[in-house]
Amino acid sequence: MQIEILMKRISYILTVILAVSCTEIRKDNPYENGLNILSISAVYPEEMADFTKEGLEAVVEDINTGSRYSQVSDESGCVRFSLPDGLYRINMSGKSEGGIFNGAADKVVLSGADMSLNLNLLYSKAGSIVIKELYCGGCKKLPEEGNYQGDQYFILHNNHYEVQYLDGLCFGTLSPNNATGSNPWVSKDGATGETIFPDFLPIIQAVWQFPGNGGDFPLQPGEDAVVCLRGAIDHTAQYPLSVNLNRPGYFVCYNITYFWNTAYHPAPGDQISNDRIIDVVIKTGQANAYTMSISSPTLVVWKPEGMSMHDFVNDPANITPVPGSSIDDVVKIPFEWVYDAIEVFDGRSANNSKRLPPAIDAGYVMQTDIYLGRSLMRHVDEEASAAAGYEILMDSNNSLNDLYETEKQSLHE
């Protein structure tokens, strides 16, 4: 999902003001059965105001109950929901020729009155390399007792009609590690109520980069690449509910200087070639093993432009401390470098908050629980795949629409 940002600074803005583009709602008893009218109006970027607003999909989720409601916008870009009092998460998305519009609002309070709000939509483009699957939640150690999390992996997919190259591609996870954690990077404007994201992505703990000189690791249209975040070994030899990650062609994160804990980073298996070892560009945390959140990570994939990743991290201006922490720094990745990113919410909690701005991922995919062997998978676009002759995956820059939770890992046999 190569992002084309059309603003100098992308901020996610939720402005709770009168939505003049919506038709006024009239009813005899507006609070009959305890329902309120929530009117949502789509607001396009100023330079795209002439784009059609009809047919946008709006999804409203009750954060406390998990109930979801969806509608399609009218020609004015407006949708209306009759909802009880509650705390809601709002998502709106649509496509135009050559791009995608997304907007999101978190923790909107409905309480005893109708509400109208304008939802700012940001523009981005679907791209070439996308995250097909993320397995982070671990599994049971059956037939032994206990839980296992040494087998995390993700899969990249070439969603483009041309060959793409993995050479130089980077990835990492966003701060904060968990969706339920306090987010020091997001602020609110006290005067307007706007929620504002920083103008960079704070990558925590480490930056990893694929090897290669530009043409060493081609990915054909519809082809996948498996990346082992931890041990590239056959985990099923001891834990049958896990996966075999010792296979030819797989890549592995491995650097015993920075991450020397062999319980999580054992030596790669005999089927893993040395040229497919992914190395650390910079370590900014203190852990002895690279640990992605098992419940609710945010995975980001990008490629530097105009400079090498090493030169970028060697500039002190591109590194900053985590607010309130004296031991952890983050790398400040520009939005325009991002190929793809997905945000995971913890299904055990109602206290999830967005970390990615809407232009990069307007939604989230819910992982209901951990240690169940479940994985997070991108939907296949069946119509586009049939036309192209190879697998094309859904990519609307909105994980709510694009991804789903599976009962087991795709690599489980």
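How many bridges pair strand S3 (residues 57-62) with S4, and in which sense? I counted five bridges, and the sense is antiparallel.

**Ground rules.** I am working on a predicted model, where local features need pLDDT of at least 70, side-chain atom pairs count only at pLDDT 80 or more, and totals for chains, interfaces and linings use all residues. I number residues from 1 along each chain as its sequence is written, and side-chain values use heavy atoms, with hydrogens and water left out.

**Overall.** I find three helices and 29 strands in the protein. Both are DSSP runs numbered from the N terminus: helices are H or I with at least four residues, strands are E with at least two. Of the 413 residues, 54% count as buried. Buried means under 20% relative accessible area, exposed over 50%, and partly exposed in between, with a 1.4 Å probe and protein chains only. The accessible surface comes to about 17,300 Å², and carbon and sulfur atoms hold 48% of that; the areas come from the Shrake-Rupley method with a 1.4 Å probe, and for residues only the protein chains shown count as cover. I also looked up contacts (heavy atoms within 4.5 Å). Among those between residues at least 6 apart in sequence, 74% join residues at least 24 apart.

**The sheet with S3 and S4.** Two strands pair if DSSP finds at least two bridges between them. By that rule S3 and S4 belong to an open sheet of five strands, in the order S4-S3-S6-S7-S9, with antiparallel pairing. Its edge strands are S4 (68-72) and S9 (122-124), each of which pairs on one side only. The twist averages 20° from one strand to the next; axes are lines fitted to C-alpha atoms, for helices over the stretch in contact, and angles run from 0 to 180 degrees between N-to-C directions. Within the sheet, I note that Val60 has Tyr69 in S4 as its bridge partner.

**Strand S15.** I looked next at S15 (residues 170-174), where five of five residues are buried. S15 runs antiparallel to strand S23 (residues 298-302), joined by four bridges, and Cys170 is partnered there by Trp302. With strand S18 (residues 201-209), S15 also pairs in the antiparallel sense over four bridges; Leu174 stands opposite Ile203 in S18.

**Strand S28.** Which way do the residues of S28 (residues 375-378) point? Ser375 and Met377 point one way, Leu376 and Arg378 the other, and all are buried. In a regular strand the side chains alternate between the two faces of the sheet. Strand S10 (residues 129-135) runs antiparallel to S28 with two bridges, and Glu133 stands opposite Met377. Strand S29 (residues 403-406) is antiparallel to S28 as well, over four bridges, with Leu376 opposite Glu405.

**Cysteines.** I searched the whole structure for disulfides (cysteine sulfur pairs within 2.5 Å) and found zero. Cys253 is in no disulfide, and its nearest cysteine sulfur, that of Cys228, is 8.2 Å away. Cys253 is buried at a relative accessible area of 0%, and Cys136 is buried at 1%.

**Glu144.** I located Glu144 in the loop between strand S11 (139-140) and strand S12 (147-148). Glu144 is partly exposed, with a relative accessible area of 36%. Leaving aside neighbours within four places in sequence, Glu144 is in contact with Gln238 and Tyr239. Glu144 and Gln238 lie 94 residues apart in sequence and 9.1 Å apart in space, C-alpha to C-alpha.
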